[in-house]
Amino acid sequence: MENEDKKSFLEHLALPEKELQELLIISQFNKIAKGDYFIKEGQVPRKMAFLVKGLFRYVYTHENGNEFTKNIIAEGNFISSYSAMIYNTPSYFSIEALEDSEILEIEYSDWIGMKERNPFWNLFLIQILEKAFYIKEKRERELLLLDAEKRYEIFTAEFLDVENRVSQQIIASYLGIQPESLSRLKRKIKS
């Protein structure tokens with residue numbers, strides 16, 4: 001991806017020109033194939049990325065092989081195991097590409113340097129973390145207080161086209177139910 005292509009993509013962030021140029025300098029275009037990982041559980045992450053095209057999920061894998069989808073990330077969002085990255089510890093979850101995807105990677109050390117040189121990036125980071133915190137709190141509330149049917153209704157409203165892009169097993173995992181329960185739920189809704 002040429003700088004002009006990266007620039008046109010990043011323009012929707014509405015960054016001032018100086019900051020846009022700084023981000024262009026430290027970002028690297030990369031492709032990740034469906035089923036590959038941006039970060040694997042147990043790995044100490046050293047980078048984050050902006051999702052240009054594709055779909056990812058944050059997934060926990062139990063020692064028995066059962067998977068639990070923590071979140072689904074669509075285009076226009078950042079992907080990272082941020083707490084593991086800032087504390088230099090292994091990630092508790094993996095970040096898996098659900099489709100062939102394109103990302104702009106940023107090395108954490110470059111990000112830190114840019115933040116130290118320009119306080120704008122601290123405010124930018126706060127906005128990203130506030131959005132992530134809101135999503136996390138909302139998701140926890142839904143899992144703890146809402147039934148599966150209501151969670152599915154919210155899922156289909158928030159992820160308009162995702163249902164046709166991922167397996168029913170992943171959707172069920174995201175909803176915290178078994179795939180068979182999702183099938184019954186969908187039949188119930190259709191009738």
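A: Gladly, with the caution that this is a predicted model. To begin with exposure, K18 has a relative accessibility of 54%, and because exposed means over 50%, K18 is called exposed.

Q: What makes the contact between E22 and K18 a salt bridge?

A: The closest N and O atoms of E22 and K18 are 3.8 Å apart, and because the rule asks for a Lys or Arg side-chain nitrogen within 4 Å of an Asp or Glu carboxyl oxygen, the pair qualifies. E22 and K18 lie four residues apart in helix α2 (residues 17-26), which means that about one helical turn separates them.

Q: Why is E22 called buried?

A: The relative accessibility of E22 is 19%, and since buried means under 20%, E22 falls on the buried side of that cut-off.

Q: How do you know that R165 forms a salt bridge with E75?

A: Their closest N and O atoms are 3.1 Å apart, and as the limit is within 4 Å, the pair is counted as a salt bridge. The pair links distant parts of the chain, with E75 in the loop between β5 (67-74) and β6 (78-79) and R165 in the loop between α6 (148-158) and α7 (168-175), 90 residues apart. E75 has 34% relative accessibility and, because this value lies between the 20% and 50% cut-offs, counts as partly exposed.

Q: What is the closest N and O distance between R165 and E99, and where do the two residues lie?

A: The closest N and O atoms of R165 and E99 are 2.6 Å apart, which is within 4 Å and therefore meets the salt-bridge rule. This pair, too, links distant parts of the chain, since R165 is in the loop between α6 and α7 while E99 is in the loop between β7 (94-97) and β8 (101-107), 66 residues apart. E99 has a relative accessible area of 18% and is buried, because that value is under 20%.

Q: Which residues are linked with R165 in a network of salt bridges?

A: The network links E75, E99, D161 and R165. By the same rule, the count of salt bridges comes to 13.

Q: Why are β2 and β5 said to stand at the edges of their sheet?

A: Four strands form an open sheet in the order β2-β7-β4-β5, with antiparallel pairing. β2 (37-39) and β5 each have a single partner strand, so one side of each is left without a neighbour in the sheet. The twist averages 30° from one strand to the next.

Q: What makes β4 and β5 a strand pair?

A: Seven bridges join β4 (residues 55-61) to β5, and because pairing requires at least two bridges, these antiparallel strands count as paired.

Conventions: Residues numbered from 1 in each chain as written. Predicted model: local features only at pLDDT ≥ 70, side-chain atom pairs only at ≥ 80, totals over all residues. Heavy atoms only, no water. Buried < 20%, exposed > 50% of the residue type's maximum accessible area, 1.4 Å probe, protein only. Axes fitted to C-alpha atoms, helices over the stretch in contact; angles between N-to-C directions.
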